[in-house]
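Here is a briefing on one protein model, grouped by topic. Please read it with the structure open.

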Amino acid sequence: MADTTPSLALPLIAGGQAQKHVTHNEALALLDALVQLAVLDKDRAAPPASPAEGDRYLIVSGNPSGAWTGWAGRIARFQDGAWLSLKPLAGWTAYVADEAELYTFTGSAWMPFRATITALDNLTRLGLGTGADADNPFAAKLNKALWTALTVAEGGSGDLRYTLNKQAAGNTLSLLMQTGFSARAEIGLTGDDDLRVKVSPNGGDWFEALRIARETGGSPFPVGSPSRTCRF
């Protein structure tokens, strides 16, 4: 039988062992160090001068010094007046308090958790700089946005085509422009498959400035009173 557990290297109590409480307490101390792992910092190359009992650090420096010499990549915990070295396994995560960031151990290095995310699938909501909701499951609050083509050198074609799709001709597919969240212009397929450009002085009254017929490509300029239709 092994002397320690395979994942956390917790000491096991042997049959007939004397002073079982020593081994038991050692295992509890290791659990206290590793479960819900949160460290104070990851950028130190040497121990602090006056650590508190239970303080933990990630040692990402390639050449740590002092009591941490030779502990690169490890977790250091100050316990019973001395530093304890804990060797992580691939997949372990740690919260770094001074950065408010999660780090993941890859097996050779600690990486920011966000840097390890390469795909997000089937999200129900996503908000960038603002909150998303049921009506706007994707929401972004920002001053600039950029879409650029994947180049041939990067494995792409160099082209960029932005595709929008609606369910049927009677639905609306449009780009709506607002001022203070009040609509002022709309471009798209609004209620049929003709391309329309409309403007509004108040978000309620609409003037159709241009319509391009889908069958002919003709562009009759509509005249008359503004419509009162509003879809927002």
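**Strand pairing and overall make-up**

T104 stands opposite M111 in β7. Strand β6 (residues 101–105) pairs with β7 in the antiparallel sense, over 3 bridges. Two strands count as paired if DSSP finds at least two bridges between them. The model is predicted: local features need pLDDT of at least 70, side-chain atom pairs count only at pLDDT 80 or more, and totals for chains, interfaces and linings use all residues. Residues are numbered from 1 along each chain as its sequence is written, and side-chain values use heavy atoms, with hydrogens and water left out.

**Overall figures**

- The protein has 1 helix and 13 strands. Both are DSSP runs, numbered from the N terminus: helices are H or I with at least four residues, strands E with at least two.
- From the N terminus on, the order is α-β-β-β-β-β-β-β-β-β-β-β-β-β.
- The protein has 232 residues, of which 25% count as buried. Buried means under 20% relative accessible area, exposed over 50%, and partly exposed in between (1.4 Å probe, protein chains only).
- Take the contacts between residues at least 6 apart in sequence: 20% join residues at least 24 apart. A contact means heavy atoms within 4.5 Å.

**The open sheet**

- An open sheet of 4 strands runs in the order β1-β5-β6-β7, with mixed pairing.
- β1 (38–39) and β7 (110–112) stand at the edges with a single partner strand each, so one side of each is left without a neighbour in the sheet.
- Strands of a sheet pair through backbone hydrogen bonds, either parallel or antiparallel.

- Strand β3 (residues 75–79) is largely enclosed by the rest of the structure, because 5 of its 5 residues are buried.
- Both faces of β3 are covered: I75, R77 and Q79 are buried on one side, A76 and F78 on the other.
- Strand β2 (residues 56–58) pairs with β3 in the antiparallel sense over 3 bridges. There, L58 stands opposite I75.
- β3 also pairs with strand β4 (residues 82–86), antiparallel, over 5 bridges. Q79 has A82 as its bridge partner in β4.
- The hairpin of β3 and β4 has 2 residues between the strands, and D80 takes a positive phi near 55°.

- β10 and strand β11 (residues 182–190) pair in the antiparallel sense over 8 bridges.
- T179 has S182 as its bridge partner in β11.
- This hairpin also has 2 residues between the strands, and G180 takes a positive phi near 60°.

**Aromatic rings**

- The structure holds 6 aromatic pairs. Rings of Phe, Tyr and Trp (its six-membered ring) pair if their centres lie within 6.5 Å; planes under 30 degrees apart count as stacked, over 60 as edge-to-face and the rest as tilted.
- W147 and Y162 form an edge-to-face pair, 5.5 Å centre to centre with 85° between the planes.
- Both W147 and Y162 lie in the loop between β9 (138–140) and β10 (172–179), so the pair ties together parts that are 15 residues apart in sequence.
- W147 counts as exposed at 62% relative accessibility, and Y162 counts as exposed at 58%.
- Y57, W68, F78 and W83 form one aromatic cluster.
- K198 lies over the face of W206, at 5.2 Å from the ring centre. A charge sits over a ring if NZ of Lys or CZ of Arg is within 6 Å of the ring centre and within 35 degrees of the ring normal.
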